[in-house]
Amino acid sequence: GGFSQFILPYIFSLLLLMSIFTSSGYLLQGLGEEKENRIMEVLLSSVSARQLITGKILGLGTAGLLQMAIWLVSARFLANLASENFSEILGSIEVSATFIILGLSYFILGYLLYAIIMATAGSIGSNARESQQMATIFSLLAVSPLWGTAFLVENPHHPISVFLTLFPFSAPITTMIRMGIADIPIWQIGASVVIMAATIVGLLFLSAKIFRTFLLMYGKTPKLGEIIRLIKQA
C-alpha cells in the first residue's frame, strides 16, 4: 500500500516491542530483586511457585494489554488526524479491524512467550543483573526483524521473510511490518499463531521444572551444563 500504509505497522511494531519488553522486563526485575532480597522465601510460604509466577504474568500482562488496547483505539483517531493535516506526505491511512485484532493477538502471544522466558531467567540468576544478561539473547531475536526492515520491505514474500513470520521469537514484529507492505497469506498467519501457542505451552512446562529447581537457589549462577543436569533430575 505504499509509504502511508507501511508507516503505521512499522510504528506500531516499535510500540508492540516496547510494550512486550516493558511488561516482561518488570517481571524479570521483580523476580530478581525478590530473590536477591530473600523476599521470595516469604512469598513462597503462602503460595506455590506456580501460583506466584502465574499471578505475576497475568497481572503484568493485563496492564500491558490495556496499554496496547488504548494505543490501537487511539490509532484510528490519530490516523485520521494525520491524513487531514499531512495528506501530501502520508496519504490516506486506514486502521482496519483486522489490524487491531492481530495487533492485540500478537501482543498477548508475544508477551506470554517472553514473560515465561524472563521469569525463567529471573529464577535462575542470582540477581536481577545476571538474569537480564541471560535474557539478552532472546531480546535480540525479537528485535532482529527491525534490523532487516529494508529487506522485508523489498522482499515481503521471500522465504526468509516467511521464516521470520513463522519463527515464534520474531513473528510479532515481522508480521506487523509485512502487513503494511503486502497481503500475507492466511495460512502463514494461522501457522504463526499456532506455532507461537505451541511454543508457549512447551516453555511453560519446561519453566515449571526450572522454577521448582532454581527459585530458592542462591549464590553463583549455574552454568548451562549444570542447568540441563538439574532440569533432568527434576
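**Close-up views of a predicted model**

View 1. The model is predicted, with local features needing pLDDT of at least 70 and side-chain atom pairs counted only at pLDDT 80 or more, while totals for chains, interfaces and linings use all residues. Residues are numbered from 1 along each chain as its sequence is written, and side-chain values use heavy atoms, with hydrogens and water left out.

**View 2. Helix α5, residues 97–124.** This helix (helices are DSSP runs of H or I, at least four residues, numbered from the N terminus) reaches 41 Å from its first C-alpha to its last, close to the 40 Å expected at 1.5 Å a residue, where the expected span is 1.5 Å times one less than the number of residues. Of the 28 residues in α5, 21 are buried, that is, under 20% relative accessible area with a 1.4 Å probe and protein chains only.

**View 3. Thr-174 in helix α9.** Eight of the nine residues of α9 (171–179) are buried, and Thr-174 counts among the buried because its relative accessibility is 0%. Not counting residues up to four places away in sequence, Thr-174 touches Pro-145, Leu-152, Ser-161, Leu-164 and Thr-165, contact meaning heavy atoms within 4.5 Å.

How values were computed
Helix = DSSP H or I, 4+ residues; strand = E, 2+ residues; numbered from the N terminus. Buried < 20%, exposed > 50% of the residue type's maximum accessible area, 1.4 Å probe, protein only.
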